[in-house]
Amino acid sequence: MNREILISKWLNNDLNDQELEAFKMLEDYDDLVKLNEGLQAFKTDDYDTSKELDTVLNTIKSSKKQSKHWFKPFMRIAAILAVCFSLYYYTTTLDTTITTEFAEKTTIELPDASSVSLNAKSLLIFNKKDWKHHREVELNGEAFFKVAKGSSFKVKTKTGIVTVYGTQFNVKQWDHYFEVICYEGLVGVTYNSQETKLNPGDSFLIIDGKIIAKEKENRSKPSWLNNESTFKSLPYKTVIAEFERQYGVDITLINIDSEQLFTGSFAHDNIDVAIKAITLPLRVTYSKTNHTIILKRE
């Protein structure tokens, strides 16, 4: 086994007995061990690169005091050190991405103890390292936020930016659909460079690029948190799209106007009951085969 693989497996604590003996036979074994011990004491918050490099250099000089041929092992250790620093920098600056699949929901805690509940087939992106300076997330899908007090908090979507002045709100961003509902505090929605302030119960809704007026919201939180999707005078196509996300199915409409308005709800835990809830009010028939559902109006 070559030297690089041995070192890699050693760093991952993945050497077997035979490989460990081979690793100990490396000419720079002692230097590698000392380097590793230095990295174990490594603290991210107060890490001083110059100081740590000086420590490693002094260690090398001390261990090679009697040797005239120290340059080669020094370069090997320097290369390993560079890789370690690169990995550290990459992993601490990398964005955190949270996704949910069809029929899946999840709740996560952000670095400041704010919480986000993600609805099905949604995506959330944020950066832990930069969080103290920029409390920002990117959202594609639907999420309910409970924001801890602190500096400005922003939710960026493809359609608009939501700036938080309060603590609880829901954001839904899908193709041709953008909605923000404020449940507590004050929320600002920036769309086309213009900000709209929302008080508790207020909504901001855009469908197909048009701003839609909505009645006051009287619930204390979105219905989907209780495994139910609720609609009031919304295009039928939005109902179908949500049904597909919650149950992981494909729905085809035959002789049905997808723009007609629908008022009603469906549960997320029983597909047979749910399909009746969105078809009976419109007097629509349906057939279901595996993951495909056909809705038809005779």
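Let's start at W174, where R245 lies over the face of the ring, at 3.7 Å from the ring centre. Keep in mind, everyone, that this is a predicted model. There's a lysine counterpart too: K121 lies over the face of F102, and here the distance to the ring centre is 4.7 Å.

While we're on rings, how many aromatic pairs does the structure hold? The count is 13. Let me pick out one of them, F145 with F153. Their ring centres are 6.1 Å apart and their planes meet at 70°, so this pair is edge-to-face, given that over 60 degrees is the cut-off for that label.

Ring pairs join F231, Y236, F243, Y247, F262 and F266 into a cluster.

The largest pocket has a volume of about 520 Å³. Its lining is made up of 27 residues, and the ones closest to the pocket centre are K214, E217, R219, T230 and K232. Which elements give two or more residues to that lining? They are β8, spanning 168-174, β9, spanning 177-184, and β14, spanning 228-235. Of these, β14 gives the most, with six residues.

And what is the lining like by class? You'll find 10 nonpolar residues, seven polar ones and 10 charged ones.

Technical notes
Residues are numbered from 1 along each chain as its sequence is written. This is a predicted model: local features need pLDDT of at least 70, side-chain atom pairs count only at pLDDT 80 or more; totals for chains, interfaces and linings use all residues. Side-chain values use heavy atoms; hydrogens and water are left out. On a 1 Å grid over the protein atoms alone, a cavity is a set of points where a 1.4 Å probe fits but cannot get out, and a pocket is an open set with protein on both sides within 12 Å along at least five of seven lines; lining residues have an atom within 4 Å of a point. Grid points are joined across faces, edges and corners, and a volume is the space filled by probe spheres set on the points. Helices (H or I, at least four residues) and strands (E, at least two) are DSSP runs, numbered from the N terminus. Ala, Val, Leu, Ile, Met, Phe, Trp, Tyr, Cys and Pro count as nonpolar, Asp, Glu, Lys and Arg as charged, and the others, Gly among them, as polar. Rings of Phe, Tyr and Trp (its six-membered ring) pair if their centres lie within 6.5 Å; planes under 30 degrees apart count as stacked, over 60 as edge-to-face and the rest as tilted. A charge sits over a ring if NZ of Lys or CZ of Arg is within 6 Å of the ring centre and within 35 degrees of the ring normal.
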